[in-house]
Amino acid sequence: MNIGLIGLGNMGRAFYDLFLEEGHELFVGCPHEKDISTFQTRDNSSVVDRSEIIFIGVKPYMVEEVMAEIVPKVEGQIIVSMAAGVSLERLQKMAPTEKIIRILPNTPVAVGSGVVAYTPGYDMSDEEKAAFEELLKGAGEVVEVAEKDLDIVTALTGATPAFVAMVIEGFVDGACACGMKRDLAYKLAAKAVAGTSDLMTARGLHPGQLKDGVTSPAGATIEGVLMLESMGMRYAFAQSIIKTVEKGKSL
């Protein structure tokens, strides 16, 4: 497929690498020269001319400018916006006759372990949905959600890599304090977090089941659990999502 990418930041580059590996023809619009081997230009309208589907990966404040540039050239292609906080209503005002989809990916799509939530802005057929999900399946989990949930998705999947990274940092600091070398501690902590997530999803387990399976009576783990509970760990995590959602809605 001929795919256009406008904007080559972290998410744009992640999709670029994914689509390139899968053998698609890529056309990139970017204001700065990038270290890529495919077609690239500063003229976004020329990307539209060559593409069957166009992914917009610019900052939210730049979306209106980009849409104004490309819409006169669009002739039936699907426009996919990755911009957080830019609603379908706003996008449709910029391009009232076009097929628009909003997606919210997270950074693990770069290694095929991400989440891509999407909301169609038009009456998308089941066949079109299946084709779109097939196009993105290499990124990880692809799921359709109602637009009202997209701000929550932004927090729950987009922001949590930062929060989980902070958790891993804390684990590693503790391991270092107990005498372990930092490089080894990072490797082990990251593997433990990834493995726990894989086990939970593969077996459909509730997080509490995983915790109970590790906390033996009068054992070492329950001491750590009680320490975290005494410091309001779950409340802090819940607030991290709530505050992120509130900020996302205000953008």
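# Salt bridges, strands and loops in a predicted model

Visitor: Which residue does K137 form a salt bridge with, and how far apart are the closest N and O atoms?

Guide: K137 pairs with E134, and the closest N and O atoms are 2.9 Å apart. A salt bridge here is a side-chain nitrogen of Lys or Arg within 4 Å of a carboxyl oxygen of Asp or Glu. Before going on, please note that this is a predicted model, in which local features need pLDDT of at least 70 and side-chain atom pairs count only at pLDDT 80 or more, while totals for chains, interfaces and linings use all residues. Residues are numbered from 1 along each chain as its sequence is written, and side-chain values use heavy atoms, with hydrogens and water left out.

Visitor: How many salt bridges turn up in the whole structure?

Guide: The search finds 12. Among them is R234 with E229, whose closest N and O atoms lie 2.4 Å apart; R234 is exposed at 53%, and E229 is partly exposed at 32%. Another joins the side chains of K211 and D212 at 3.8 Å from N to O, with K211 partly exposed at 39% and D212 exposed at 52%.

Visitor: What does the side chain of T215 reach on K211?

Guide: The T215 side chain reaches the backbone oxygen of K211 at 3.0 Å. That is a polar contact, meaning a pair of N or O atoms within 3.5 Å, where within protein one must be able to donate a hydrogen and the other to accept it, and where residues adjacent in sequence count only if both atoms are side-chain atoms.

Visitor: Where does T215 lie, and which residues is T215 in contact with once its neighbours within four places in sequence are left aside?

Guide: T215 lies in the loop between α8 (207-214) and α9 (220-230), and at 17% relative accessibility T215 counts as buried. Helices (H or I, at least four residues) and strands (E, at least two) are DSSP runs, numbered from the N terminus. Beyond those sequence neighbours, T215 is in contact with T221, I222 and V225, where contact means heavy atoms within 4.5 Å.

Visitor: What about the phi of A218?

Guide: A218 has a positive phi of about 60° although it is not a glycine. Most residues other than glycine have a negative phi. A218 is also in the loop between α8 and α9, and A218 counts as exposed at 84%.

Visitor: Changing topic, which way do the side chains of β4 point?

Guide: I53 and F55 point one way from strand β4 (residues 53-56), I54 and I56 point the other way, and all are buried. In a regular strand the side chains alternate between the two faces of the sheet.

Visitor: Which strands does β4 pair with, and in which sense?

Guide: Strand β1 (residues 2-6) pairs with β4 in the parallel sense over 4 bridges, and 4 bridges also join β4 to the parallel strand β5 (residues 78-81); pairing requires at least two bridges found by DSSP between the strands. I53 in β4 stands opposite I3 and also opposite I78 in β5.

Note on methods. Buried means under 20% relative accessible area, exposed over 50%, partly exposed in between (1.4 Å probe, protein chains only).
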